[in-house]
Amino acid sequence: MAKHHVATTVNGDAVEFLCETQETLLDCLRDQLGLTGTKEGCSTGDCGACSVTVDGRLVCSCLVLGVEANGKSIGTIEGMAKGDELHPLQRKFIEHAALQCGICTPGFLVASKALLEKTPNPTEIELRYWLAGNLCRCTGYDKIVRAVLDAATEMRGA
Amino acid sequence: MRYEAPSSLDQAVALLAKESGDARILAGGTDLLVQMRTDILDPVLIIDIKGIAETRQIKEEAGGFRVGAAVTGAELKEHAKLKSVWPGVVEAANLIGSTQVQGRATMGGNLCNGSPAADSVPALIAAGAKATIVGPKGRRDVPVEDVMLAPRKLCLTKGEIIASFLLPPKPARTGDAYLRFIPRTEMDIAVVGCGVCLTLDAGGKCTAARVSLGAVAARPLLVAPAAAALVGTSVDDAALQKLDAAARAACQPIDDKRGTKEYRIKVAGVLARRTALIALERARKA
């Protein structure tokens, strides 16, 4: 069968790619578009390393077919920094040493950004529940939680 | 593997009916893609139903709500009116998976995946919801408790799709609730799930009840004796003890890594009591 022609928007840029039905959005981002910031962890929706937004909604890109991206607007980690200027979440992750090996980090950043866009002043409990689908085996989570709450404070201009 | 995204139920039904190989419906994909990835399924055709209006809408209908089979958990949570009328149903759907999974997972998929531990199903059963099934012979409404027959087995015949759920009008002084037991606080599959919906009269006596249990039998159960333990009472301690016993008596669980038979039976009784108390509190305020 012919490949699907997918026309979508990634981080505001119109892009097109070809994919097979069974290729996931994660596969397409990494292998067709070269956007390797989105990481593959479990491939079964448990770890959150592949988190992206689709039309503003946080999802695991391993649980979305590439062909489903047609006509949608995708947000990935590559859209977070503005050129050389890091997003406040990215800066706070560095300041708080909220990462070690780094594989989970793009997913945590994309997920945290999605939370703060809806909920600029989350409680720690809200934040921990929101991030329950992002697994990190290095940090023990506390540094991540502190980094996100600190970034939220800064982003509110507090 | 072919992919089709029809814009009408008629087209979807026609595609499904004429396919001789394994065809699968794609709603949120949070079960389907995992099963494809782990080689449990290798369909020849995927029919994405998200382009069909009825599957994606929440509408007030006949005094209740029609909820599309492909409405996501996140969308249910954001629907303030549905959440205020049927909080148990929305909370049950919201227990499924992570934030990311909630962005995709649907009640239609949760039911059609055919797991006895599906969180939204006992809540839908307790609420008295019907599944609207569309197929080559037209539409039919089936009580949710009659849809799943056994693990991975549904009452759907060739070409049939669940398009939406119909939640009935909620009588005055009625409350619903769903609780599940898992050994942690998030991201797990129910050891036991329990949905309760009950109605009180002006004097606080229970006039109607529905109790449903998940993960304690080959399919989610509507437990009439458990409901009977509440009706005619003020849902006092004696009634709750009878509810506990009736819930335990209905269980036919398996032993697995999540719990032994004995454990599941014990938990089912405790969970039924706790769920009934939340439903009672809500009924008093409704």
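**Figure 1. Ser7(B) sits in a loop of chain B.** Let us start with one residue: Ser7(B) lies in the loop that links strand E1 (2-4) to helix H1 (9-18) of chain B. Helices (H or I, at least four residues) and strands (E, at least two) are DSSP runs, numbered from the N terminus. This is a predicted model, in which local features need pLDDT of at least 70 and side-chain atom pairs count only at pLDDT 80 or more, while totals for chains, interfaces and linings use all residues. Residues are numbered from 1 along each chain as its sequence is written, and chains are lettered from A and ligands numbered from 1 in the order in which they are written.

Is Ser7(B) buried or exposed? Ser7(B) is exposed, because 11 other C-beta atoms lie within 10 Å. (A residue is buried if 20 or more other C-beta atoms lie within 10 Å of its own, exposed if 12 or fewer, and partly exposed in between; C-beta atoms are placed from the backbone.) Leaving out residues up to four places away in sequence, Ser7(B) touches Gly51(B) and Ile52(B). Here, two residues are in contact if their C-beta atoms, placed from the backbone, lie within 7 Å. Ser7(B) and Ile52(B) are 45 residues apart along the chain, yet their C-alpha atoms are separated by 4.7 Å.

**Figure 2. Chain B as a whole.** Chain B has 12 helices and 14 strands. Its C-alpha trace spans about 55 × 45 × 35 Å along the principal axes. The radius of gyration of chain B is 19 Å, which agrees with the value near 19 Å for a compact globule of 286 residues. This radius is taken over C-alpha atoms, and the globule rule is 2.2 Å times the number of residues to the power 0.38. Of the 286 residues in chain B, 53% are buried. Among contacts in chain B with a separation of 6 or more, 65% join residues 24 or more positions apart.

**Figure 3. Where chains A and B meet.** How many residues does each chain bring to the contact? Chain A gives 24 residues and chain B gives 21 residues. On the side of chain A that touches chain B, strand E4 (57-60) and helix H4 (124-130) are the elements that give two or more residues. E4(A) gives the most, with four residues. By class, this side of chain A has 12 nonpolar, 10 polar and two charged residues. Ala, Val, Leu, Ile, Met, Phe, Trp, Tyr, Cys and Pro count as nonpolar, Asp, Glu, Lys and Arg as charged, and the others, Gly among them, as polar.

**Figure 4. Two helices of chain A packed together.** Helix H2 (residues 88-95) and helix H5 (residues 142-155) of chain A pack at an angle of about 135°, with their axes 8 Å apart. Axes are lines fitted to C-alpha atoms, for helices over the stretch in contact, and angles run from 0 to 180 degrees between N-to-C directions. H2(A) and H5(A) are therefore oblique to each other. (Angles under 35 degrees count as roughly parallel, over 145 as roughly antiparallel, 65 to 115 as roughly perpendicular and the rest as oblique.) From H2(A), the contact takes in Pro88(A), Leu89(A), Lys92(A) and Phe93(A). On H5(A), the residues include Ala147(A), Val148(A) and Asp150(A). The contact of H2(A) with H5(A) has seven nonpolar, no polar and three charged residues.
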